[in-house]
Amino acid sequence: MPKKQFIDPGKVRKPGKITFNSIPVNQYNREIEEERNQYTDDDFLRIYRDMFVIREFETMLHEIKTKNEYQGLAYNHPGPAHLSIGQEAAAVGMAYHLTVDDFIFGSHRSHGEILAKGLSAIHQLDDDALMQIMSAHFGGRCLRIVEQASKGSVKDLAVDFLLYGTLAEIFARDTGFNRGLGGSMHAFFTPFGVYPNNAIVGGSGDISVGAALYKKVNRKPGIVVANIGDASMGCGPVWEGISFAAMDQFRTLWQGEYQGGLPVIFNFMNNQYGMGGQTQGETMGYDILARVGAGVNPEMMHAERVDGYDPLAVIDAFKRKKEILLDKKGPVLLDTLTYRYSGHSPSDASSYRSKEELEAWLEVDSIKGYGESLTKSGVAGESVLADIQRHVKELIYNAFKLSVHDDVSPRMDLRKSPGLIGEMMFSDGSQDAMLEGEPDSLMPLEGNPRVKQILKKERFAFDKEGKPFSKLKQFQLRDGIFEAIIDRFYKDPSLVAYGEENRDWGGAFAVYRGLTEAMPYHRLFNSPISEGAIVGTAIGYGMAGGRVVAEIMYCDFLGRAGDEVFNQLPKWQAMSGNIIKMPVVIRVSVGSKYGAQHSQDWSSLVAHIPGLKVVFPATPYDAKGLMNAALQGTDPVIFFESQRIYDIGEHFHQGGVPKGYYEIPLGEPDIKKEGSDITMLTIGATLYRALEAAEILEKKYGLSAEIIDARSLVPFNYEPVLESVKKTGRLLLSGDANTRGAYLNDMAKTITDIAFDYLDAPPVVVGARNWIVPAHELEDYYFPQAEWIIDAIHQRIIPLKGHQPVNDFSDETMLDQSKKGV
């Protein structure tokens, strides 16, 4: 919503037509003789070798899956193997001109891309660089294994290293590139520029854009390639990723060296099938996939279809497209036409396609055709090609033999170390900045108008007589979040923040007011209304080495980013073997007043997912301290904020909210009120309802309540709660999430299991109703209220003399509601 971009009704209402340029289709038509000025004979043969390496590697896996043996050596691999037999030319052509500074992301069918990119990197790097990379990876563990059997040069050793590390990873060996935690569909090796492949169709579509954003914002060399299948064109992450990558603001609003398009190629490995669905003629409507680029931007994404059965055609296309990206004119869409001979997986009998179709493609097989062109042009005779094939088969067999040897390539010993994978779920790092350098800004921190305004606020809500200051004078929860974030902007040059309405408006709930004046566009910007891409790009940005604060405007919108939040963000640290860090904070605002689709508390859904840290502060002091801790860390944090208390002042920390930097460790609950008769554990804004209930209990019934604010859901230190329960003998838990499936139930169970002997009654959970959230005028009947807490205590924990309950928490009502599903 930049004011300087005037939307002129006279201009936009003018009649006219949209015209499109043509999109090239399979235009490359040169013979090897015509390319001799571009390639040496060794280059031509290296292309052939790389293609055959992929073919034999995938053939080996196919034989293991279908025959349980390869070259006479028996092995059973029960895991997945989505093979790319037939797609070799597309992979090798893609990787040929890419350097280690160029990142590729892939799909579940990306073994070939890993090998092609790795072989290209090995060719380009000198011996010292290769030895340094191999020696540094997990302390040289993988290197030591292949060194014992490898013969030849350092580059030969590196090829053995690549083949073994990839195959050991596929076979879930601890000596694999990612300690066996990635496996076939997630294997990768970042030192060669091979970034995570993704088992979710289209999953790399937005993550790769985040990596390209990282390169652009931090002026890092290289481009990014998203190798995704043709069927992924029907997936949300791909469309949202394309929309994000093609934003006009990169050209119109970003300034100086940051101006220009993102360096990303959406390379659709178009093997013409998605599972058993034929994309052209059945499940999609584009006819030719490259056509889609025409609808994205005026440049039509520089879209092109290239014949992926001709490696030289693909090399030519990538060379041209890379030049476009380096000229800051991205993004690019490439439709790389290819074909897979094998089924979706080895168990797929390919009953959805005809024998004639398969035979027709085998007749024009890329390795066969390219080999014939080499002999025809005199580059090499058939005996030379046969020698290459023989040598490659030997390499593959040696890697296979090493990778299935249990003594040489053991799996993680989870019997000896049962908590090993658990130890890898988080990196638990602490870094002031992810990159060195001076952060870009538009003004000094101390000169920011909002910073100066906040400094004048009362950092404790009450005066010496206990009277509250006016709302306008109080340092509010939104101020605490702002102070932590703006402080980090001036510490970490890699930090970016984005989401819907982050710039100019100051954020939908005024948390970012004052940031627009302080930060240039490349550090603070508005994204498309694409929650999936907001989180997905944050993942890619963090994965590449930067720090992100991404915002989901309403908690209810988490569903639009479900795969990214539940299936991507939490998993890459552990699946990498802890090589990758994920310094990503997702701010999530929990709504109120806006009904069923804008007012839900989904903190329990997020807390259920291993690999995410989850916090929910309810006071300005906690909000600032927890945000500081989240931004200092290297793990993904979902940071919940309640819209009902953005304007709350600090009621508890007697010294008020400190002006300087401090951290509150994630996972530590805080006693907000001491008491002796009952413990109340709360999450989020329900803290204040619990305080109201505690006041009633004390005044009317003479009971002293101890109130503990969870502050964090994951991790969580139970010790303070257990000590309180041992003292009081009673426990009530309350939060705004629906009671059914609420994380509070899990907490109650844990406390009961550990402190059973100290409890006078079972813990009681008071959560929101299992309904839709009604209108604001009816919210008091949906979210927990003080009277609910009193009624629940009376009916389920300890009778309160003279109390007449309004809300029914009896066994009969609970059973009836459960029977009805409400």
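This protein splits into three domains: domain 1 covers residues 35-407, domain 2 covers 445-645 and domain 3 covers 670-820. Keep in mind that what you're looking at is a predicted model.

**Where domain 2 meets domain 3**

- Start with the spacing: the C-alpha centres of domain 2 and domain 3 are 28 Å apart.
- The two domains do touch, with 24 residues of domain 2 in contact with 24 residues of domain 3.
- Putting domain 2 and domain 3 together buries about 2,000 Å² of area, and carbon and sulfur atoms give 56% of that.
- How many salt bridges cross the interface of domain 2 and domain 3? The rule finds 3 of them.
- You can look up the salt bridge between the side chains of Lys-672 and Asp-622, with 2.7 Å from N to O.
- There are also 12 residue pairs in polar contact between domain 2 and domain 3, counting pairs with both residues at pLDDT 80 or more.
- On the side of domain 2 that touches domain 3, the elements that give two or more residues are helix 23 (603-607), strand 15 (613-615) and helix 24 (620-632).
- Sort the residues on that side of domain 2 by type and you get 11 nonpolar, 8 polar and 5 charged.

- By the rule used here, the salt bridge count comes to 46.
- One of them joins the side chains of Arg-46 and Asp-43, at 3.3 Å from N to O.
- Why does Arg-46 count as buried? Its relative accessibility is 14%, and buried means under 20%.
- Asp-43 counts as buried too, because its relative accessibility is 14%.
- Another salt bridge brings together the side chains of Arg-55 and Asp-365, at 2.7 Å from N to O.
- That pair links distant parts of the chain: Arg-55 is in helix 2, while Asp-365 is in the loop between helix 13 (355-363) and helix 14 (366-376), 310 residues apart.
- Are Arg-55 and Asp-365 buried or exposed? Both are buried.
- The side chains of Arg-305 and Asp-335 also form a salt bridge, with 2.8 Å from N to O.
- This pair links distant parts of the chain as well, with Arg-305 in strand 9 (residues 304-307) and Asp-335 in strand 10 (residues 332-337), 30 residues apart.
- Arg-305 and Asp-335 are both buried.
- Salt bridges can also join up into a network, as they do for Arg-30, Glu-35, Glu-304, Asp-316, Arg-320 and Lys-321.

- Helix 3 (residues 88-95) is mostly covered, with 8 of its 8 residues buried.
- Which residues of helix 28 are buried? They are Ala-786, Trp-788, Ile-789, Ile-790, Asp-791, Ala-792, Ile-793 and His-794.
- What covers the buried residues of helix 28 includes strand 18 (678-682), helix 25 (686-701), strand 21 (731-738) and strand 22 (764-768).

**Two single residues to look up**

- You'll find Asn-267 in strand 6 (residues 264-270).
- Asn-267 counts as buried because its relative accessibility is 0%.
- Setting aside neighbours within four places in sequence, Asn-267 is in contact with Met-94, Val-225, Ala-226, Asn-227, Ile-228, Phe-318, Leu-334 and Thr-336.
- Now find Pro-449, which lies in helix 17 (residues 449-455).
- Pro-449 has a relative accessible area of 47%, so Pro-449 is partly exposed.
- How far is Pro-449 from Gly-343? They are 106 residues apart in sequence and 62 Å apart in space, C-alpha to C-alpha.

Definitions and conventions:
Residues are numbered from 1 along each chain as its sequence is written. This is a predicted model: local features need pLDDT of at least 70, side-chain atom pairs count only at pLDDT 80 or more; totals for chains, interfaces and linings use all residues. Side-chain values use heavy atoms; hydrogens and water are left out. Domain bounds come from an automatic or database domain assignment. Contact means heavy atoms within 4.5 Å. Buried area is the accessible area (1.4 Å probe) that two parts lose on being put together, summed over both. A salt bridge is a side-chain nitrogen of Lys or Arg within 4 Å of a carboxyl oxygen of Asp or Glu. A polar contact is a pair of N or O atoms within 3.5 Å; within protein, one must be able to donate a hydrogen and the other to accept it, and residues adjacent in sequence count only if both atoms are side-chain atoms. Helices (H or I, at least four residues) and strands (E, at least two) are DSSP runs, numbered from the N terminus. Ala, Val, Leu, Ile, Met, Phe, Trp, Tyr, Cys and Pro count as nonpolar, Asp, Glu, Lys and Arg as charged, and the others, Gly among them, as polar. Buried means under 20% relative accessible area, exposed over 50%, partly exposed in between (1.4 Å probe, protein chains only).
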